[in-house]
Amino acid sequence: MEENNITATRAGLIAEIQRRVDDKILEQTNADLLTKLIRNAETLDEAMAIAQLGTTYKRTGLHYDKRLEKQRGNTIKYFKKNEQLSFTDGSNSPHHKLIIGDNYDALQNLLIQYRGKVDVIYIDPPYGKDSMGEFAQTNYDNAITRDNLLSMLHPRLVLAKQLLSNVGVIFCSIDDRNQSYVKCMFDEVFGESAFLFNVPRQTIKGGKTTTTIYKNHDYVLAYSKNKEIQLALLDTDTSSYNLEDEFVETRGKYKVTQTLDYDSLSYSTGMDYVLNYEGKSFVAGGDVEKRERRVNGNHAKQDWTWRWSESDIKWAIKNKLLVLKGDRIYTKTYEKCRKRIGHAELQYFDKKQQAYSSLMYVENAFSNNIGKKDLDSVIPGANGIFKNPKPISLIKALIDLVSSNEDAIILDFFAGSGTTGQAVLERKEEGSRETFLLCQINEITNETPNGIAYDVTSKRLKRIMTGECYDGNTDFKWLNDNEPFGGNLDVYEIESVSNAEHVCGKTPFDVIDETLYGKEKFNTLEDKISWVCENFEVTQNKLVEKK
């Protein structure tokens with residue numbers, strides 16, 4: 001049975017309160033009171049606000065004036081597809097998403113489909129009132145002071161943690177003025193044991209004349225839910241590689257733990273073929289009737305498929321990479337090589353490689369100057385809107401450091417100009433099948449009269465994916481050296497509906513589209529009502545009142 005999204009979120013908040021007791025941050029009696037209040041809170045907004053009241057981090061001195069999210073009352077926030085900004089190339093490749101609106105609402109909605117499924121999160125939050133000028137407004141009433149920065153981050157990090165997979169990693173870029181405070185906030189939400197690193201990144205190579213010292217760097221924080229996560233290029237434990245074949249001299253020993261078919265991949269009929277191996281026929285998932293229903297269109301967005309294409313399988317059989325165990329096919333995992341992502345070839349590596357240095361990003365290739373050039377080549381002049389745009393190279397390097405899943409889901413809920421989206425698309429060109437989820441509030445400035453999400457973020461993605469802007473404009477430098485990436489982009493807006501609305505066609509059960517959350521259309525109204533009530537707060541309260 002599918003887990004109730006609201007119940008799961010409350011349970012996560014209570015678990016965090018208990019962790020603070022275990023870490024000697026909260027007294028048990030105070031935790032008991034907070035837990036009781038969370039359980040009896042009328043909405044998730046109230047429950048999150050109550051949990052935030054218990055975040056004073058005494059051991060490291062994280063004290064700030066907490067400003068809570070504005071309560072939404074009886075209003076339900078939901079996704080509505082923007083058909084004018086969305087586009088597709090007709091392929092079965094994954095659908096990337098851009099969500100326009102407050103990222104607090106976006107994260108709550110993303111939990112319905114992506115709880116525990118996001119592999120990498122990168123964020124570059126606004127650092128203070130000078131970061132975005134007079135337009136630096138959150139949903140609070142004043143500019144982004146440090147108290148507001150921490151108050152704004154806390155509930156969003158709590159939601160982000162629930163979105164991360166068990167091996168997921170979150171990265172945060174932060175300046176030198178705020179990094180110590182933000183690190184304390186991450187320690188509070190994720191736990192000190194989840195800390196991976198806090199490394200400098202070169203922001204600019206030179207510097208203006210100063211009587212103190214040039215400010216040439218900011219920081220990248222990294223945390224993981226998995227304490228045992230292994231970063232790229234680290235030596236790994238080879239004790240489990242205990243099998244040998246005729247290739248042991250070149251490939252090393254191997255183990256057999258990974259099946260060739262998964263039920264969590266983005267569905268594609270091209271990857272749901274009949275596989276003939278050792279005189280037998282196999283289908284992904286092992287059920288022939290279910291496969292027939294899938295290929296005839298009755299499938300989920302994520303369903304049973306093979307991990308490798310038919311041509312890759314022919315290559316794999318020829319190179320003896322498969323093993324039949326019972327009625328399942330497995331792939332060999334070797335010590336010294338692996339299948340190159342997106343290619344029918346083996347990629348060999350040196351087991352004696354050294355770990356990355358903490359100075360790995362102190363190179364001009366990761367500086368803001370490169371980020372400005374990246375953005376200007378696609379949206380001329382847009383680099384003037386963003387004071388410190390991050391370079392594509394930084395995001396790609398961070399993903400490379402932690403992600404070994406070729407179908408990884410990458411989230412950026414402070415998307416800005418869309419750099420993370422372009423980084424994922426460039427990795428796709430190099431063989432990955434990653435999907436990005438971007439969230440960006442449509443902040444209006446003098447330079448972006450329609451809002452940043454409309455005038456920059458969506459246009460950048462449209463141009464690099466299709467080769468032209470929404471108005472047909474192709475006059476941008478990026479096209480001189482690059483081919484459009486192709487692919488599909490679904491653009492969603494955050495919309496509101498009252499739980500008291502009863503006009504036919506306008507109720508929450510009419511306007512909320514379950515297919516935008518990875519669901520097939522419900523067959524009955526009762527099923528639709530049940531799903532909406534389980535996943536969107538305040539609906540169930542209204543139903544109870546009507547009984």
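Predicted model: local features only at pLDDT ≥ 70, side-chain atom pairs only at ≥ 80, totals over all residues.
Trainee: What makes serine 165 count as buried?

Mentor: Buried means under 20% relative accessible area. Serine 165 has 8% relative accessibility, so it counts as buried. This serine lies in strand β4, residues 164–174. Leaving out residues up to four places away in sequence, serine 165 touches Gly116, Lys117, Val118, Asp119 and Lys225.

Trainee: How many of the residues of the chain count as buried?

Mentor: Of 547 residues, 51% do. The accessible surface of the chain is about 25800 Å², and 48% of that belongs to carbon and sulfur atoms.

Trainee: Why are α1 and α2 called roughly antiparallel?

Mentor: Angles over 145 degrees count as roughly antiparallel. The axes of α1 (residues 5–22) and α2 (residues 28–40) cross at roughly 175 degrees, and α1 and α2 are therefore roughly antiparallel to each other. Their axes come within 9 Å.

Trainee: Which residues in α1 and α2 meet?

Mentor: From α1 there are Arg10, Leu13, Ile14, Ile17, Gln18 and Val21. They meet Gln28, Ala31, Leu34, Thr35, Ile38 and Arg39 in α2.

Trainee: What makes a set of residues a nonpolar core?

Mentor: The members must be buried residues of the listed kinds, such as Leu and Phe, joined through side-chain atoms within 4.5 Å. The largest such core here has 66 residues, and those with the most contacts inside it are Leu110, Phe186 and Leu411. Helix α5 (residues 146–163) supplies the largest share of this core, nine residues. A second, separate core has 48 residues, among them Phe171, Ala382, Ile399 and Leu401.

Trainee: What is leucine 110 in contact with, leaving aside neighbours within four places in sequence?

Mentor: Leucine 110 contacts Phe79, Ile99, Arg115, Leu163, Leu411, Leu437 and Cys439.

Trainee: How do you know that aspartate 287 caps helix α8?

Mentor: A polar contact needs a pair of N or O atoms within 3.5 Å. A side-chain oxygen of aspartate 287 lies 3.0 Å from the backbone nitrogen of glutamate 289, at the N-terminal end of α8 (residues 288–295). Just after α8, glycine 297 has a positive phi of about 105 degrees.

Trainee: Which residues in helix α10 are buried, and what covers them?

Mentor: In α10 (residues 368–376), the buried residues are Asn368, Gly371, Asp374, Leu375 and Asp376. Their cover includes β5 (195–202), α11 (392–402) and α13 (452–466).

Conventions. Residues numbered from 1 in each chain as written. Heavy atoms only, no water. Polar contact = N/O pair within 3.5 Å; in protein donor to acceptor, adjacent residues only side chain to side chain. Helix = DSSP H or I, 4+ residues; strand = E, 2+ residues; numbered from the N terminus. Buried < 20%, exposed > 50% of the residue type's maximum accessible area, 1.4 Å probe, protein only. Contact = heavy atoms within 4.5 Å. Areas by Shrake-Rupley, 256 points an atom, 1.4 Å probe, with all protein chains shown as cover. Axes fitted to C-alpha atoms, helices over the stretch in contact; angles between N-to-C directions. Parallel < 35°, antiparallel > 145°, perpendicular 65-115°, else oblique.
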